[in-house]
Amino acid sequence: MRKSTIMRAVASASFLVLSWVAYTQTQPAKLTITKVKEDLYNIEGDGGNVAALVTSEGVILIDDKYERDHDQIVAAVKSVTPQPIKYIFSTHHHEDHSGGNVQFVSSAIVVSTAQARKNIVEHKQSNAAANVTPAQFVYTQEASVFLGGKEVRARHFGRGHTNGDAIVYIPSLKTIHTGDLMAGVSPLIDYPGGGSVVEWTKTLDGALGMDFDTVIPGHGKVTDKAGLKTYRDNVEKLRNRVAGLVKSGKSQDEVGKVMTEEYKWAPGSLNMQWSLPGLMTELK
Ligand SMILES: [Zn+2]
């Protein structure tokens, strides 16, 4: 290519990138709703996965993304049922899962662990909006809602992604929503939010003891029990890898470089900010 052609290509590529950034900053991403099982849907496209269980007496959501996604969540639910949204189970306090609470609390009951509520009240997520709103109903171990003959059961199995994570279970459909105890390819351990890579696998072992065949992860594609087991084993591999590096005397910067190479943790990413310093301390 001649130099002027290259310059033109670079200029138009830069324009496209800048236009995309401007577009995505003003427009919430388009959400889509997909059927998972009879009367159970998954809403994707921005923030965490939102599960919607339709019953004859109303809809139960699991998580509610960011505040900006509220209208699209309501529209997506309306596209499959005329029933109103009555309950929202939160898997944890992060804004991409609980940010919608501020819009829903006037018309629905939000249910979370007592610890997730505390984390929101204390603004434990440093980069969250100031108006993230806590649940009205909390539990420490387990809570169920029965609506239209169906049960949704939330249980705190222990620490992992944060110190207030819940696994939300729909027994009749043998389906769980894991929140970010399963999300993406490698775990984000939110140490400032009470997370723990040592406890994470024990927490998932508890969850794996339940009777289910379908898994809606915090982010990413719907999977099965074997998919969750693989994720759990990968958390253990990561922990063993980092523990080996820490015990051989590697510095935080050196461990960070390995994580970038082997786990694609980008410099400056949330993994580097929230997970790396805590890993160095917990795995000493
Ligand atoms: Zn999270």
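This briefing walks through a nonpolar core, a helix pair, a strand residue and some backbone details.

The model is predicted. Its largest nonpolar core has 53 residues. Helix α7 (residues 225-247) gives the most to this core, with 5 residues. Helices α6 and α7 are roughly antiparallel to each other.

**The core**

- Ala 52, Phe 89 and Val 168 have the most contacts inside the largest nonpolar core.
- Ala 52 is in contact with Tyr 41, Ile 43, Val 59, Leu 61 and Val 77, leaving aside its neighbours within four places in sequence.
- In soluble globular proteins, nonpolar side chains tend to be buried together.

**The helix pair α6 and α7**

- Two packed helices are described by the angle between their axes and the distance between the axes.
- The axes of α6 (residues 197-208) and α7 come within 9 Å.
- They cross at roughly 160 degrees. Angles over 145 degrees count as roughly antiparallel, so α6 and α7 are roughly antiparallel.
- The crossing is left-handed.
- On the α6 side, the contact is made by Val 197, Trp 200, Thr 201, Leu 204 and Leu 208.
- On the α7 side, Leu 228, Lys 229, Arg 232, Val 235, Glu 236 and Arg 239 make the contact.

**Helix α8 and its end**

- Helix α8 covers residues 252-263, with 12 residues.
- From its first C-alpha to its last, α8 reaches 15 Å. That is close to the 16 Å expected at 1.5 Å a residue.

**Two loop residues with positive phi**

- Asp 63 sits in the loop between β4 (58-62) and α2 (70-78).
- Phi of Asp 63 is near 70 degrees, a positive value in a residue other than glycine.
- Asp 63 has 29 other C-beta atoms within 10 Å. The cut-off for buried is 20 or more, so Asp 63 is buried.
- Lys 174 lies in the loop between β10 (167-170) and β11 (175-177).
- Phi of Lys 174 is near 45 degrees, again positive in a residue other than glycine.
- Lys 174 is partly exposed, because 14 other C-beta atoms lie within 10 Å.

**Glu 142 in strand β8**

- Glu 142 is found in strand β8 (residues 142-147).
- Glu 142 has 14 other C-beta atoms within 10 Å and is therefore partly exposed.
- Not counting residues up to four places away in sequence, Glu 142 touches Arg 153, Ala 154 and Arg 155.
- Glu 142 and Leu 53 are 89 residues apart in sequence. In space they are 19 Å apart, C-alpha to C-alpha.

How values were computed:
Residues are numbered from 1 along each chain as its sequence is written. This is a predicted model: local features need pLDDT of at least 70, side-chain atom pairs count only at pLDDT 80 or more; totals for chains, interfaces and linings use all residues. Helices (H or I, at least four residues) and strands (E, at least two) are DSSP runs, numbered from the N terminus. A residue is buried if 20 or more other C-beta atoms lie within 10 Å of its own, exposed if 12 or fewer, and partly exposed in between; C-beta atoms are placed from the backbone. The expected span of a helix is 1.5 Å times one less than its number of residues. A nonpolar core is a set of buried Ala, Val, Leu, Ile, Met, Phe, Trp, Tyr and Cys residues joined through C-beta atoms within 7 Å. Two residues are in contact if their C-beta atoms, placed from the backbone, lie within 7 Å. Axes are lines fitted to C-alpha atoms, for helices over the stretch in contact, and angles run from 0 to 180 degrees between N-to-C directions. Angles under 35 degrees count as roughly parallel, over 145 as roughly antiparallel, 65 to 115 as roughly perpendicular and the rest as oblique. A crossing is left-handed if the near helix is turned anticlockwise from the far one by less than a right angle, and right-handed if clockwise.
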